[in-house]
Amino acid sequence: MDANRIKIVGIGEGGARAVGKIIAADFMGKYKNVDFISVGKDENILLSSATPNNILLNRDAPTIYKSISNNLRGAKIVILIAGLGGTAATGALPRIISFAKNNNAETIAFANLPFVLENVERKKNAEYCLNCLRDVDTAFILPAEKFFLFRLYQREISVGELFEVANEIFSVGAKILVDMTADRKEPLKLGRSAFGYGYGATVLEAINNAVKFPALDSDELSQAKKIFVRVTGGNDIPAKNFIRSIIAPDAKLFWQVDNLRREKILASIVFTKKDV
Ligand SMILES: Nc1nc2c(ncn2[C@@H]2O[C@H](COP(=O)(O)OP(=O)(O)OP(=O)(O)O)[C@@H](O)[C@H]2O)c(=O)[nH]1
Ligand SMILES: [Mg+2]
């Protein structure tokens, strides 16, 4: 049995949409060991995400557990993407995490917390899920309000459009994490973490934009103990010097160069965050 699979699991409508974006953008095209899975109670939403594997939650518990274990079999890495507060994450997240951990898979999560204005039930659910996410090896958790910081629109935007931004960010985030882990021997295991990315004509410009990524808190970056940077080609000495100048002197910096040439240089940054 192949025990080397990367499972990218979208939980709930939001998670399924984010995974749909990863598939549509062909972000995992160069990897031959990736499986895409959607989890939710609405079959149409799962189908629209175009994930080849689905876990339908509107069935009896034993059938659902069987479906989770079938879909996660052979996992080396499980990447979870979800909006916390919804029914899907609340029901399935703890089961998926414990199944992955029992099978010694590395677990990575991308999740957003509900808006302050969402109802009490969603907030309670989200708190429960947040607690479950403590068991995940590396977790990126953003309050939904953070997505307003991405001023991609010149006008007021709808909640739907805002979550499109969230799904886009998480789809790129998942790609960054797969690229970073694929080129390492050791698992990342960073605990609560943050990430950012940016593009540029030079590595320095791309790194500058990654540091200015709207959801990235520069104070948190300056206090991070471990920082992972990945750039696609180019002269990275000025960028390394710049990063060194803004991080703690005792921070561990891991630098990766991706040899895939692209039109624009992409710089990605991932760093550990103190627990809040
Ligand atoms: N990342 C992301 N989050 C979303 C999206 N839509 C809503 N959310 C947030 O995620 C939470 C869960 O929403 P859904 O993803 O729709 O959850 P669900 O489990 O499919 O179903 P419901 O509980 O019926 O909404 C919401 O409370 C919102 O805060 C989305 O498209 N993307
Ligand atoms: Mg919903």
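I looked up burial first: in this predicted model, buried residues make up 43% of the 276 residues in the protein chain. I call a residue buried if 20 or more other C-beta atoms lie within 10 Å of its own, exposed if 12 or fewer, and partly exposed in between, with C-beta atoms placed from the backbone.

I noted the conventions. Residues are numbered from 1 along each chain as its sequence is written, while chains are lettered from A and ligands numbered from 1 in the order in which they are written. Local features need pLDDT of at least 70, side-chain atom pairs count only at pLDDT 80 or more, and totals for chains, interfaces and linings use all residues.

Overall form. I find 9 helices and 10 strands in the protein chain; helices (H or I, at least four residues) and strands (E, at least two) are DSSP runs, numbered from the N terminus. The C-alpha trace spans about 55 × 50 × 35 Å along its principal axes.

Contacts. I take two residues as in contact if their C-beta atoms, placed from the backbone, lie within 7 Å. Of the contacts with a separation of 6 or more, 76% are between residues 24 or more positions apart.

Strand S4. I see that 8 of the 9 residues of S4 (residues 75-83) are buried. S4 runs parallel to S1 (residues 5-11), joined by 7 bridges, and two strands pair if DSSP finds at least two bridges between them. Arg5 stands opposite Ala75 in S4. S4 is also parallel to S5 (residues 106-113), again through 7 bridges, and Leu80 has Ala109 in S5 as its bridge partner. From S4 the chain crosses through H4 to S5 in a right-handed β-α-β crossover; that is, with the strands pointing away from the viewer, the path from the first strand over the helix to the second runs clockwise.

Ligand 1. I list 20 residues around ligand 1, the closest being Gly12, Gly14, Gly83, Gly86 and Ala88; near means a C-beta atom, placed from the backbone, within 6 Å. H1 (12-24), H4 (87-102) and H6 (159-182) each supply at least two residues of the shell, and H1 gives the most, with 4.

Asn70. I placed Asn70 in helix H3 (residues 61-72). Asn70 is exposed because 10 other C-beta atoms lie within 10 Å.
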